[in-house]
Amino acid sequence: MAILTEAMKDMVKNQFCFLATADAEGNPQVGPKGSMHVLDETHLIYFEHTFRQAFNNLTLNGRAAVAVADRQAQKGFRFEGTAHIHEGDDYANSILSKTKIFDRFPRAAVVVIDVERIYKLDNNLEAGVQIA
């Protein structure tokens with residue numbers, strides 16, 4: 001597993017993250033995930049409530065990429081890894097019970113992403129370089 005630095009954790013906390021997945025034919029799907037946050041130094045986590053393309057793609061193959069960037073600083077990161085979906089189990093219930101997600105949505109799950117690789121998304125010649 002790759003280790004998230006404090007700078008990476010701060011960026012995920014303070015900037016908007018986008019989740020990228022692909023379907024069985026390799027067609028890309030990308031969308032914002034406002035609930036994305038750092039679980040610990042090797043995992044990201046978000047709350048799934050739409051159960052559409054990203055959820056279906058993760059159910060198929062579990063492959064995920066999360067991009068986050070600070071537009072003003074022109075710096076960012078892409079985290080790639082394997083997603084694990086928790087719905088209706090003890091883990092999901094323990095996390096979701098601390099939120100108000102069910103006030104807005106009838107169904108929710110917790111998606112935990114093992115961060116296996118990290119790439120720079122800085123606006124310089126190091127863009128796309130794997131750093132972990």
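Predicted model: local features only at pLDDT ≥ 70, side-chain atom pairs only at ≥ 80, totals over all residues.
1. When its neighbours within four places in sequence are left aside, Asn57 is in contact with Thr21, Ala22, Asp23, Gln29 and Gly62.

2. Helix H2, which covers residues 53–61, lies across strands E1, E2, E4, E5, E6 and E7, and its direction runs at about 50° to that of E1.

3. An open sheet of 7 strands is present, with antiparallel pairing and the order E2-E1-E5-E6-E7-E4-E3. Its edge strands are E2 (28–32) and E3, each of which pairs on one side only, and from one strand to the next the twist averages 35°. Strands of a sheet pair through backbone hydrogen bonds, in either a parallel or an antiparallel manner.

4. Several of the pairings can be followed residue by residue. E1 and E5 pair in the antiparallel sense over 4 bridges, and the bridge partner of Ala20 is Ala65 in E5. E5 is in turn joined to E6 by 8 bridges, the two strands running antiparallel, and here Val68 has Phe77 in E6 as its bridge partner. E5 and E6 also form a hairpin with 4 residues between them, and in the turn Gln74 has a positive phi of about 55°.

5. At the E3 end of the strand order, E3 and E4 pair in the antiparallel sense over 3 bridges, and His37 has Ile45 in E4 as its bridge partner. Helix H1 packs on the sheet, where it touches E1, E3, E4, E5, E6 and E7, and the direction of H1 makes about 75° with that of E6.

6. Which residues of helix H1 are buried? In this helix, made up of residues 6–14, they are Met8, Met11 and Val12. Seen down the axis of H1, these buried residues fall within an arc of 100°, so they line one face of the helix. What covers them includes strands E1 (17–22), E3 (37–40), E4 (43–48), E5 (63–70), E6 (75–86) and E7 (109–120). The face of H1 turned away from the buried side carries the exposed residues Glu6, Lys13 and Asn14.

7. Aromatic side chains deserve a separate remark. The count comes to 3 aromatic pairs, one of which is formed by Phe16 and Phe18, an edge-to-face pair with 5.7 Å centre to centre and 75° between the planes. Phe16 is partly exposed, with a relative accessible area of 48%, and Phe18 is likewise partly exposed, its relative accessible area being 37%.

8. Two arginines are placed over aromatic rings. The charged end of Arg78 sits over the ring of Tyr119, at 4.3 Å from the centre of that ring, while the charged end of Arg107 sits over the ring of Phe51, at 3.6 Å from its centre.

How values were computed:
Residues numbered from 1 in each chain as written. Heavy atoms only, no water. Buried < 20%, exposed > 50% of the residue type's maximum accessible area, 1.4 Å probe, protein only. Arc of directions from axis to C-beta. Contact = heavy atoms within 4.5 Å. Pairing = 2+ DSSP bridges. Axes fitted to C-alpha atoms, helices over the stretch in contact; angles between N-to-C directions. Phe/Tyr/Trp six-rings, centres within 6.5 Å; stacked < 30°, edge-to-face > 60°. Lys NZ or Arg CZ within 6 Å of the ring centre and 35° of its normal.
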